[in-house]
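Please keep the model open while reading.

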Amino acid sequence: MKKVIYPYVRFSSNEQGSGDSLRRQLKAIRSFAEQNGYEINESLNLTDLGISAYKGDNLEIDAGLGRFILAINKGLIPLDGTSFICVEQLDRLTRKSVSQAYLLFSDILRKNVNIITLMDNRIYTKKSLDNLPEIIYSLTLMEQSHIESAKKSERVKAAFHGRLSRIKNGQKAKYASQIPSWLDEEKPKSGVFKINDKADIIIRIFQMTIENIPLNEIARILNREGIERITRSKYKNATNVWTGSVISHIIKNRCVIGNLDIYKTDYAKNSEGVLKRVRYLDETIEDYYPAIITNNDFVIANARVKERKVSSERGRTTNKNLFTSLIYCGECHSRMHFEIDKKTLSSGVREYKSLKCTNQRHGGNCTAIPVKYDNFEKEFPLKYFMRDDASNSLNTDKINKIKEELNALEADHIRQQDKISKIEKSIVEDDLDITAFLKTISTLKSDCNKKSIEIERLRFQLAGLEAARSGKTNKSLLSEEDRSAVKRRLKSLLSGIIIYSKRKVAWVILRDGTPNAFKFERDGNLLDNMSEYIKLVDDIRKSYTSGNLDPKLEKLARALMHGS
């Protein structure tokens with residue numbers, strides 16, 4: 001049987017992305033595979049770029065290693081001993097404590113998936129777990145990696161705590177490397193700041209907001225006047241124009257009133273019970289920066305934004321746009337925005353729906369033109385994407401079976417969450433064995449997280465089957481229920497849609513990177529658009545592998561890497 005290598009590449013900081021780390025690791029893995037007769041499978045795109053293994057971020061579901069573990073548990077990776085995950089060295093997988101690292105290491109091997117480490121040219125298999133010298137060797141490496149990361153973490157924490165302590169005692173110190181762009185430091189690392197010319201732009205933004213000018217209109221005014229955005233993105237594919245969201249960020253930024261906000265990161269369960277990293281405000285140091293906005297103006301401006309947001313959300317229909325968060329502009333890579341213009345005619349009020357490039361909409365340098373939404377939805381090949389295994393898509397028995405499985409899984413998930421809550425409560429109230437508690441709660445939460453993923457997968461599958469059974473096409477999507485089901489289905493299948501507004505052509509990218517093109521106007525030109533699409537894909541791939549990609553394009557980039 002053919003032995004298959006799944007390459008896994010990771011580095012911790014974005015700075016490493018601009019270096020040679022990704023290319024070096026991939027080249028070494030591919031070279032090893034070629035010399036030793038392995039087949040390479042890169043379909044899972046196992047890359048964690050700028051992600052920490054010390055904190056375990058690479059084990060989250062949306063991370064590269066997390067996806068690999070999930071693929072093993074879902075049976076997507078052969079468990080007959082022919083599968084190998086290949087890494088440069090063991091610390092690419094994890095830098096957590098020895099007990100946690102060994103748990104991950106042994107769990108992969110017990111599933112009969114092998115681990116190759118190129119640094120020492122070792123292959124760990126299921127049999128390695130019974131080989132004492134190999135276990136001791138691997139544990140030693142794990143301990144060294146963890147100690148190295150722990151020391152580095154403690155040094156960084158100590159430095160931050162030392163700076164914070166000096167600031168609280170009234171001394172001048174620079175807390176973080178980045179400072180607001182409307183300030184300059186008098187001397188490097190002095191913690192003494194002076195206001196620069198960019199402050200005038202911030203003051204003007206607050207004045208316009210207090211005058212109740214919409215945030216998007218403020219962005220358009222600044223772009224029209226050619227005023228350079230004061231906070232420029234470091235990402236290559238970012239457009240660096242003023243947008244409503246950039247203005248909103250400035251209005252909410254308490255640095256303008258002189259505050260230094262100290263944030264901390266922790267883990268908390270989301271609405272589905274899955275543990276996610278969360279960032280929260282821990283404490284505030286007042287009068288740290290020179291204030292450029294009064295407290296009164298800050299409160300009024302934020303109240304204006306809140307009033308306008310509440311007003312705009314009243315009566316909003318969420319399913320008018322089937323492609324929310326999926327559409328990108330082929331001209332400049334920006335998101336495309338769904339917009340409704342209402343015009344009063346003699347026959348009554350009429351809605352004109354369109355898709356507009358965010359960059360162009362805010363007065364940027366993109367030359368894209370608005371796309372008529374109704375035409376786009378009408379020509380979108382919806383029937384193709386609503387199929388589910390074609391021959392089984394109308395199978396009522398299959399739908400009923402999924403419903404039964406989903407109901408049972410949801411009930412079990414609720415029971416398990418209740419059990420976790422009771423155990424957590426008992427550890428506070430009773431004198432329980434903390435070691436036994438941690439082991440039990442860890443197992444229960446892991447199982448609970450897996451159930452959450454499976455429930456979401458079944459919901460998407462069910463939505464697609466029911467929509468397909470009802471024979472829904474672009475012309476028959478009238479009810480909110482129909483549109484909601486189709487919207488969920490598309491979100492589960494697609495990573496993005498790239499629109500070339502001038503060519504009147506769109507490229508639909510599936511999660512596995514497979515492209516499908518269609519014309520949304522009769523005179524659309526697919527042939528002439530091919531070279532533009534290839535160039536865009538190549539540009540996104542290069543930016544992704546170098547670590548310079550705008551995070552908004554990351555989901556699309558992952559899919560395009562699969563299709564490479």
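## H6 against H8

In this predicted model, helix H6 brings Ile 202, Ile 205, Phe 206 and Thr 209 into contact with Ile 247, Ile 250 and Ile 251 of H8. Sorted by class, the contact of H6 with H8 has six nonpolar residues, one polar and no charged.

The two helices pack at an angle of about 95°, and their axes lie 10 Å apart. Angles from 65 to 115 degrees count as roughly perpendicular, so H6 and H8 are roughly perpendicular to each other.

## H6 against H7

Helix H6 spans residues 199-210, and helix H7 spans residues 215-224. Their axes come within 10 Å and cross at roughly 140°. H6 and H7 are therefore oblique to each other. The crossing of H6 past H7 is right-handed.

On the H6 side, the contact uses Arg 204, Ile 205, Met 208 and Thr 209. These meet Leu 215, Ile 218, Ile 221 and Leu 222 in H7. The residues of this contact divide into six nonpolar, one polar and one charged.

## H7 against H8

Helix H8 covers residues 244-252. The axes of H7 and H8 come within 8 Å and cross at roughly 105°. That makes H7 roughly perpendicular to H8.

Leu 215, Asn 216, Ile 218, Ala 219 and Leu 222 are the H7 residues here. Their partners in H8 are Gly 244, Ile 247 and Ser 248. By class, the contact of H7 with H8 has five nonpolar, three polar and no charged residues.

How many cavities of 30 Å³ or more does the structure hold? There are two. The second largest cavity contains about 30 Å³ of space.

Which residues line the second largest cavity? They are Thr 209, Asn 212, Ile 213, Leu 215, Arg 304, Val 305 and Arg 308. Helix H9, residues 295-313, supplies the largest share of this lining, with three residues. The lining divides into three nonpolar, two polar and two charged residues.

Conventions. Residues numbered from 1 in each chain as written. Predicted model: local features only at pLDDT ≥ 70, side-chain atom pairs only at ≥ 80, totals over all residues. Heavy atoms only, no water. 1 Å grid on protein atoms, 1.4 Å probe; cavity = no way out; pocket = protein on both sides within 12 Å on 5 of 7 lines; lining within 4 Å. Points joined across faces, edges and corners; volume = space filled by probe spheres on them. Helix = DSSP H or I, 4+ residues; strand = E, 2+ residues; numbered from the N terminus. Nonpolar A, V, L, I, M, F, W, Y, C, P; charged D, E, K, R; others polar. Axes fitted to C-alpha atoms, helices over the stretch in contact; angles between N-to-C directions. Parallel < 35°, antiparallel > 145°, perpendicular 65-115°, else oblique. Left-handed = near helix turned anticlockwise from the far one by under 90°. Contact = heavy atoms within 4.5 Å.
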